Amino acid sequence: MQEIAITEEKPLLPGQPDPTKDAEAAARILLDQGQEHSIETPHGLLHVTLHGTSNTRRPAILTFHDVGLDSKSCFSPLFKFEEMQEIVKNFTLVHIDAPGQEEGATAYPMGYQYPSMEQIAEMIPAVLTYFNFRTVIGIGVGSGSYILSRFTVSMAHPDSVEGLVLINMDPETRGWMDWAAQKITTLTSSLTEQILSHLFSQEEMSANADLVRSHRDRISKAPNLINIELFWRSYNSRRDLIIDRNSNFKCPVMLVVGDQAPHEEAAVECNSKLDPTTTSFLKPSKLTEAFKYFIQGMGYMASSIMTRLSRSRTASLSSSYSMDGERQRSRTLSQSSQGGQMPPSPSHTMEVSC
């Protein structure tokens, strides 16, 4: 598939009374739809959608969705918020679909050997090479957060990730009690209900009946339901992600979990094992503001375009980067440079609101 680069020189559309506005509209439509690519990796093809142009010196924002979702259903609502448009305008977005999970994917044949979580993580470098990305900022949800974490801690790619946003992260496999409960659930519940229980807690199901019904219909009627089941099995067979605050993540990390999310305890446990000087733990009422604040803390968004961010506890990651992504001096996460004030510890829970 041919790659299309959008440049600052906007093409004229013949026969139109206002060519500048029409060209901008055409470019915006292309950006909204994205450019779809099938990328060959060591473990099979990956479907990837690029929004924007890969010709940028800033890190791309790379996303990975959860089980039961694809890149569109997982991330389109987030990036269509008005508050996220500064991000969309200034960063390349690249959405990865797990093997066979993209919209319209052909169902795998019986007996197909689906890749493990570790193998899926090993597919990501091919995406960076394909688009010539030097570094990325990762956003993962559920199983996607595990995959991005596995990629980030790989000794082969220690400097490829500049920041991580991990939503509903669960780095560990099931214990014996959870394993037994899962076996019982597998026997008594359909695949769709198992996945819904992964995506929503009982409280969330009761409070969001329409949303849950929509996901139930979409999953149960999916033509590639066998692919979804294979991804689900692969996630449940994952190995523990060993987290050591002294040697794992070399980049700032923002952990995000809802108050009633099914993975709240796992996320809290994960936070306790991460380096408190580079980690923020959030229970946000508005994820868009929290994410923009995270990006700003890395030095990639001017404070003048940030909307007001109120929070009960501040978690500020201080970095020194120029706006084009070139490092001017080393990160100062535990203290500010040139005698500035020390930032508050980002290890506390931060509740954000507009």
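In which sense do β7 and strand β8 (residues 279-282) pair, and over how many bridges? The legends below take up this pairing and its surroundings.

The model is predicted, with local features requiring pLDDT of at least 70 and side-chain atom pairs counting only at pLDDT 80 or more, while totals for chains, interfaces and linings use all residues. Residues are numbered from 1 along each chain as its sequence is written, and side-chain values use heavy atoms, with hydrogens and water left out.

**View 1. Strand β7 and its partners.** β7 and β8 pair in the parallel sense over 4 bridges, where pairing requires that DSSP finds at least two bridges between two strands; in β8, F281 is the bridge partner of L255. Strand β6 (residues 161-167) also runs parallel to β7 and is joined to it by 4 bridges, with I167 standing opposite V256.

**View 2. The two faces of β7 (residues 253-256).** In a regular strand the side chains alternate between the two faces of the sheet. V253 and L255 point one way and M254 and V256 the other way, and all are buried (under 20% relative accessible area, 1.4 Å probe, protein chains only).

**View 3. Packing of helix α5 on helix α6.** Helix α5 (residues 124-131) packs against helix α6 (residues 143-152) at an angle of about 75°, with the axes 10 Å apart, which makes α5 roughly perpendicular to α6 (a class covering 65 to 115 degrees). I124, P125 and L128 of α5 make the contact with I147, L148 and F151 of α6, contact meaning heavy atoms within 4.5 Å.

Methods
Axes are lines fitted to C-alpha atoms, for helices over the stretch in contact, and angles run from 0 to 180 degrees between N-to-C directions. Angles under 35 degrees count as roughly parallel, over 145 as roughly antiparallel, 65 to 115 as roughly perpendicular and the rest as oblique. Buried means under 20% relative accessible area, exposed over 50%, partly exposed in between (1.4 Å probe, protein chains only).
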